[in-house]
Amino acid sequence: MIPEELQLIIDTAEESMKEAIDFCKKEFSHIRAGKASPTLLNGIKVNYYGAQTPLNQLATVSAPEARLLVVQPFDKSTMEDIEKAIMSSGLGLNPNNDGSIIRIPLPMLSEDRRKELVKHAKDVAEKARISIRNSRRDANDEVKKTVQEESLPEDSRFESEDAVQAITDKYIGQIDSLLETKESDIMTV
């Protein structure tokens, strides 16, 4: 049985690891796969009256076709700002503004571009794995310190470290699974 003070350390580490999973999912949603997805534009901020405002607060984004995104601003006066923000987002998109809506055709991905996107996805996954491993290291250090300071039995330290490792393995496995799915999405023509 793991003492309460050590269980608290384990729970804190797990929360930190969950944040790494959330980070990975969020970053993966910005990496373009073969078909259009409104989440592709989620990270875009538009200069709206001097404030950086998320695009989804200024317009609705939809994907009526597999290779087309449509942005419909709530306020027509923001169209040029939205168009500039999309063009400068680094996503390689060319929006077409017709005065009432912005159409964004998504070009077919070349083999080289797909490989670049997979490489980027792998980098994101590795950052998440590193974050998880750092959480494990911090938790194990904290467990050792607590066992020493509280004069707890050594067995509880080993039990706690095993629990932290099991949680680490679980979340690393989730990252690997997310990466595999994203890689498959990107490489599917």
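Visitor: How do the residues of the lining of the largest pocket divide into nonpolar, polar and charged?

Guide: The lining has eight nonpolar, six polar and three charged residues. Here Ala, Val, Leu, Ile, Met, Phe, Trp, Tyr, Cys and Pro count as nonpolar, Asp, Glu, Lys and Arg as charged, and the others, Gly among them, as polar. Before we go on: this is a predicted model, where local features need pLDDT of at least 70 and side-chain atom pairs count only at pLDDT 80 or more, while totals for chains, interfaces and linings use all residues. Residues are numbered from 1 along each chain as its sequence is written, and side-chain values use heavy atoms, with hydrogens and water left out.

Visitor: What makes a space a pocket or a cavity?

Guide: On a 1 Å grid over the protein atoms alone, a cavity is a set of points where a 1.4 Å probe fits but cannot get out; a pocket is an open set with protein on both sides within 12 Å along at least five of seven lines. Lining residues have an atom within 4 Å of a point. Grid points are joined across faces, edges and corners, and a volume is the space filled by probe spheres set on the points. The largest pocket holds about 320 Å³, and of its 17 lining residues, His30, Leu40, Gly90, Leu91 and Arg113 are the closest to its centre.

Visitor: Which residues line the largest cavity?

Guide: They are Pro38, Leu41, Asn42, Leu55, Asn56 and Val61. By class, four are nonpolar, two polar and none charged. The volume of this cavity is about 30 Å³.

Visitor: Why is Thr146 called buried?

Guide: Buried means under 20% relative accessible area, exposed over 50%, and partly exposed in between (1.4 Å probe, protein chains only). Thr146 has 10%, so Thr146 is buried. Thr146 belongs to helix α3. Leaving aside neighbours within four places in sequence, Thr146 is in contact (heavy atoms within 4.5 Å) with Glu5, Leu6, Ile9, Ser151 and Leu152.

Visitor: And why is Ser110 called partly exposed?

Guide: Its relative accessible area is 39%, so Ser110 is partly exposed. Ser110 sits in the loop between β6 (102–105) and α3 (111–150). Helices (H or I, at least four residues) and strands (E, at least two) are DSSP runs, numbered from the N terminus.

Visitor: How do you know that the buried residues of α2 share a side?

Guide: In α2 (residues 79–87), the buried ones are Met79, Ile82, Glu83, Ala85 and Ile86. They cover an arc of only 165 degrees around the axis, so they are on the same side of α2. The arc is that of the directions from the helix axis to the C-beta atoms. Glu80, Lys84 and Met87, on the other side, are exposed. An α-helix has 3.6 residues a turn, so residues three or four places apart point the same way.

Visitor: What do the buried residues of α2 pack against?

Guide: They pack against β1 (45–48), β3 (59–65), β4 (68–73), β5 (96–97) and β6.

Visitor: What makes β5 and β6 a pair?

Guide: Two strands pair if DSSP finds at least two bridges between them. β5 and β6 have two, in the antiparallel sense, and Asn97 has Ile102 as its bridge partner. These strands form a hairpin with four residues between them. β4 and β6 also pair, antiparallel, over four bridges, with Val70 opposite Arg103.
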